[in-house]
Amino acid sequence: MSTVETVEVGYASGVFDMFHIGHLNLLRRSREHCNTLVVGVASDEYVLGLKGREPVVPLAERLEIVASLRFVDEVIVDHSEDKRLAWRDRSFDAIFKGDDWRGSPKGERLEQAMRDVGARVVYFPYTLHTSSTRLRGYIERSEAGSFG
């Protein structure tokens, strides 16, 4: 979706592990385009199944971090890659994602799933220079003593 207009309820989801500027950028931009921003934070079990490892920061702490942001109106636990399940828990008009999803198989599946419930996908620029995966790698290298 290329045109960004304000919707009543917007949804942004993620792991939000080791919260960083990319997360902040996505949530801030999402809030600019909805009257109510609902954020889904991935459960530890969901992340373990998706990535093969648990998040560094436990769910309760990630929920508290995200909920403390002034532009977040509601926080829910996200249990599945199928965002129709999140939509059934808390309906929304649009889901906001980084544009690294655009044109990918997972982005196409998301777009179809959102069409099924009458919601749309809005993409925002992905923050390339920072990611939780990159931060995790930095920490693991640090612990192994292999900085370089």
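## Rings, strands and a buried arginine

Visitor: How many aromatic pairs does the count come to?
Guide: Happy to start there, with the reminder that this is a predicted model. Rings pair here if their centres lie within 6.5 Å. By this rule, the number of aromatic pairs is three.

Visitor: Is the pair of phenylalanine 96 and phenylalanine 124 stacked, edge-to-face or tilted?
Guide: A pair of aromatic rings is described by the distance of the centres and the angle of the planes. For phenylalanine 96 and phenylalanine 124, the centres are 5.4 Å apart and the planes stand at 25 degrees. Planes under 30 degrees apart count as stacked, so this pair is stacked.

Visitor: How many residues apart in sequence are the parts that this pair ties together?
Guide: Phenylalanine 96 belongs to strand S4 (residues 94-98), while phenylalanine 124 belongs to strand S5 (residues 120-124). Both phenylalanine 96 and phenylalanine 124 are buried. The pair therefore ties together parts whose separation in sequence is 28 residues.

Visitor: In which sense do S4 and S5 pair?
Guide: Alanine 94 stands opposite arginine 120 in S5. S4, helix H5 (residues 105-117) and S5 make a right-handed β-α-β unit. Over five bridges, the sense in which S4 and S5 pair is parallel.

Visitor: Which residues of S5 are buried on the two sides?
Guide: In a regular strand the side chains alternate between the two faces of the sheet. S5 is mostly covered, with five of its five residues buried. On one side these are Arg120, Val122 and Phe124, and on the other Val121 and Tyr123.

Visitor: Which residue lies over the face of tryptophan 101?
Guide: A charge sits over a ring if, among other things, NZ of Lys or CZ of Arg is within 6 Å of the ring centre. Here the distance from the ring centre of tryptophan 101 is 4.2 Å, and the residue over its face is lysine 97.

Visitor: Does arginine 62 count as buried or exposed?
Guide: Arginine 62 lies in helix H3 (residues 59-67). Not counting residues up to four places away in sequence, arginine 62 touches several residues, including Asp17, Asp44 and Val57. Buried means under 20% relative accessible area, so at 0% relative accessibility arginine 62 counts as buried.

Visitor: What share of the contacts in the protein chain with a separation of 6 or more comes from residues 24 or more positions apart?
Guide: The protein chain has six helices and five strands, in the pattern β-α-β-α-α-β-α-β-α-β-α. Of its 148 residues, 45% count as buried. Among contacts with a separation of 6 or more, the share from residues 24 or more positions apart is 77%.

How values were computed:
Residues are numbered from 1 along each chain as its sequence is written. This is a predicted model: local features need pLDDT of at least 70, side-chain atom pairs count only at pLDDT 80 or more; totals for chains, interfaces and linings use all residues. Side-chain values use heavy atoms; hydrogens and water are left out. Rings of Phe, Tyr and Trp (its six-membered ring) pair if their centres lie within 6.5 Å; planes under 30 degrees apart count as stacked, over 60 as edge-to-face and the rest as tilted. Helices (H or I, at least four residues) and strands (E, at least two) are DSSP runs, numbered from the N terminus. Buried means under 20% relative accessible area, exposed over 50%, partly exposed in between (1.4 Å probe, protein chains only). A charge sits over a ring if NZ of Lys or CZ of Arg is within 6 Å of the ring centre and within 35 degrees of the ring normal. Two strands pair if DSSP finds at least two bridges between them. A crossover is right-handed if, with the strands pointing away from the viewer, the path from the first strand over the helix to the second runs clockwise. Contact means heavy atoms within 4.5 Å.
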